[in-house]
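Here is a short briefing on one structure. Look at the sequence and the model first, then read on by topic.

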Amino acid sequence: APGLLALKNALSPVGHVTVLAPNRNWSASGHVKTMHKPLRVDETLLADGTPALATDGAPSDAVALAFLGIVDGPIDLVVAGINQGANLGHDITYSGTVTAAMEGAIAGGVPSIAVSLYSLTSVDFDVAGTAAASLARQVLTHGLPANVLLNVNVPALPPDRIAGTMITRMGSRIYRDELIRRLDP
């Protein structure tokens, strides 16, 4: 995914980056744990030729696999994303990106960040990548309280139009779902 590549590129100057991600889109998957089938992990290449690992599991499975030993060495930080579209309010319970960060904070016990680009149309993930790298540096230096993750939503704006960063609590989200009944011929 282009957001994943942008995130890897932005984080590479911060430290050693290992990419282990699902091999398909898991939007609105929630905090899934695969229990009754084997999980597979395959070597793959990102679009720029960077080696990566892909699993047929969910985003939270990918993070769990990393902590269970698929990734060599210590894991100091989990950064998930970059998701296209904001993860606000109750969305976080559905978001594969946020639940990957949850898995890092809860099961891995390490600081974790979920990063989303607040746009469904923009495909320029560089601003979100830059924000993620800056935040990753701060978190690696100062840490986070135990079992805390950061859910970051970056607006799809040029860097000079972003006014700053705001820390806030999670709000609620009102959904206006509608059932549409149809006859299946």
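V78 has a relative accessibility of 10%, so V78 counts as buried, the cut-off being under 20%. The model is a predicted one. V78 sits in strand β4.

**Around V78**

- V78 has contacts with V63, F67, A100, A101, G104, V110, P111, S112 and I113, leaving aside neighbours within four places in sequence.
- V78 and A105 are 27 residues apart along the chain, yet their C-alpha atoms are separated by 8.1 Å.

**The parallel sheet**

- Three strands make an open sheet in the order β4-β5-β6, and the pairing is parallel.
- The edge strands are β4 (78–84) and β6, and each of them pairs on one side only.
- On average, neighbouring strands in this sheet are turned by 15 degrees against each other, with direction ignored.
- Strands β5 and β6 run parallel and are joined by 7 bridges.
- L117 has V154 in β6 as its bridge partner.
- Helix α4 lies across β4, β5 and β6. It runs at about 150 degrees to β6.

**Nonpolar cores**

- The largest nonpolar core holds 18 residues. I82, I113, V115 and A128 have the most contacts inside this core.
- Two or more residues of this core come from each of α1 (2–11), β5 (112–118), α4 (126–142) and β6 (149–155).
- α4 gives the largest share of this core, 6 residues.
- Which residues does I82 touch, not counting those up to four places away in sequence? They are G3, L4, A6, L7, V115, S116, L117, F125, A128 and G129.
- Another core, of 6 residues, lies apart from the largest one. Among its residues are L53, A62, A66 and V71.

**Helix α3**

- Of the 11 residues of α3, 10 are buried, so this helix is largely enclosed by the rest of the structure.
- The buried residues of α3 are G96, T97, V98, T99, A100, A101, M102, E103, G104 and A105.
- The cover over these buried residues includes α2 (59–70), β4, β5 and β6.

- At least two lining residues come from each of α3 (96–106), α4 and β6.
- Which element gives the most to this lining? Strand β6 does, with 7 residues.

**The β2–β3 hairpin**

- Strands β2 (residues 41–45) and β3 (residues 51–55) pair in the antiparallel sense over 5 bridges.
- β2 and β3 form a hairpin, with 5 residues between them.
- G49 lies in the turn and has a positive phi of about 90 degrees.
- E43 stands opposite L53 in β3. L53 is also one of the residues in the core of 6.

Methods:
Residues numbered from 1 in each chain as written. Predicted model: local features only at pLDDT ≥ 70, side-chain atom pairs only at ≥ 80, totals over all residues. Heavy atoms only, no water. Core = buried A, V, L, I, M, F, W, Y, C linked by side-chain atoms within 4.5 Å. Buried < 20%, exposed > 50% of the residue type's maximum accessible area, 1.4 Å probe, protein only. Helix = DSSP H or I, 4+ residues; strand = E, 2+ residues; numbered from the N terminus. Contact = heavy atoms within 4.5 Å. Pairing = 2+ DSSP bridges. Axes fitted to C-alpha atoms, helices over the stretch in contact; angles between N-to-C directions.
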